[in-house]
Amino acid sequence: ASGSTDNTVILWDVSTHQPLGPPLKGHTGPVRSVALSADGRILASGSKDKTVILWDVATRQPIGSPFKGHSGTVLSVALSADSNTLISGSVDRTIMLWDVATGQPLELPLTGHTSLVWSVALSADGTLLASGSEDSNIILWDVSTRPPAGISFNNYASRVSSVAVSA
């Protein structure tokens, strides 16, 4: 799957290198991030329109209403291995954890970065969340605690544009 500045998402056939049907339309701004669930059934897309849309890959239709809560562009999205939790990082310097079933936030937005959040990643067991920011910091969040607790790592002279985590 891919997202574009034309506000659409395209699902691709990797064997033919062709789109699987027409583009998915629902965002009103450029799509900045996409993520597939582990089972490939759900696609999340984050956009400059400040929303996240969940898509049913089989039907190519949105699942519920767009997730609204960020006050800036959504730059990064990730889904938990069980597809029950969505994570989003934004220009508004926050990370949000969402309940996929209800579309509602699980927590108040996670704060700790002093600039936009470029990347979020969740461990396979769903307990650790990494976030990378324009502020040159990585925060490793323990999302098994309430509220989630974060530990900051800073070893960069400029933005952290991508993160990954395993546990």
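**Briefing: an all-strand predicted chain**

R60 lies in the loop between β8 (51-56) and β9 (61-62), where strands are DSSP runs of E of at least two residues, numbered from the N terminus, and helices are runs of H or I of at least four. This is a predicted model, in which local features need pLDDT of at least 70 and side-chain atom pairs count only at pLDDT 80 or more, while totals for chains, interfaces and linings use all residues. Residues are numbered from 1 along each chain as its sequence is written, and side-chain values use heavy atoms, with hydrogens and water left out.

**Overall form**
- The chain has 17 strands and zero helices.
- Its radius of gyration is 15 Å, close to the 15 Å from the globule rule for 167 residues, so the chain is as compact as a globular protein of that length; the radius is taken over C-alpha atoms, and the rule is 2.2 Å times the number of residues to the power 0.38.
- Along the principal axes, the C-alpha atoms fill a box of roughly 45 × 30 × 30 Å.

**Burial, surface and charge**
- Of the 167 residues, 46% are buried (under 20% relative accessible area, with exposed over 50% and partly exposed in between; 1.4 Å probe, protein chains only).
- The chain exposes about 8300 Å², and carbon and sulfur atoms supply 52% of this area, computed by the Shrake-Rupley method with a 1.4 Å probe.
- The 10 positive and 13 negative charges have mean positions 10 Å apart; Lys and Arg count as positive and Asp and Glu as negative, without His or the chain ends, and the charges are placed at NZ of Lys, CZ of Arg, CG of Asp or CD of Glu.

**The three-stranded sheet**
- An open sheet has the order β1-β2-β5 with antiparallel pairing; two strands pair if DSSP finds at least two bridges between them.
- Its edge strands, β1 (2-3) and β5 (24-25), each pair on one side only.
- Strand β2 (residues 8-10) is joined to β5 by two bridges, and T8 has K25 as its bridge partner in β5.

- Among contacts with a separation of 6 or more, 35% are between residues 24 or more positions apart; contact means heavy atoms within 4.5 Å.
- Beyond its neighbours within four places in sequence, R60 contacts L11, L20, G21, P22, P23, L24 and W55.
- From R60 to D92 the C-alpha distance is 29 Å, at 32 residues apart in sequence.
- S133 is in strand β15 (residues 128-133) and counts as buried because its relative accessibility is 0%.
- Leaving out residues up to four places away in sequence, S133 touches H113, S115, L116, V117, W118, R159 and V160.
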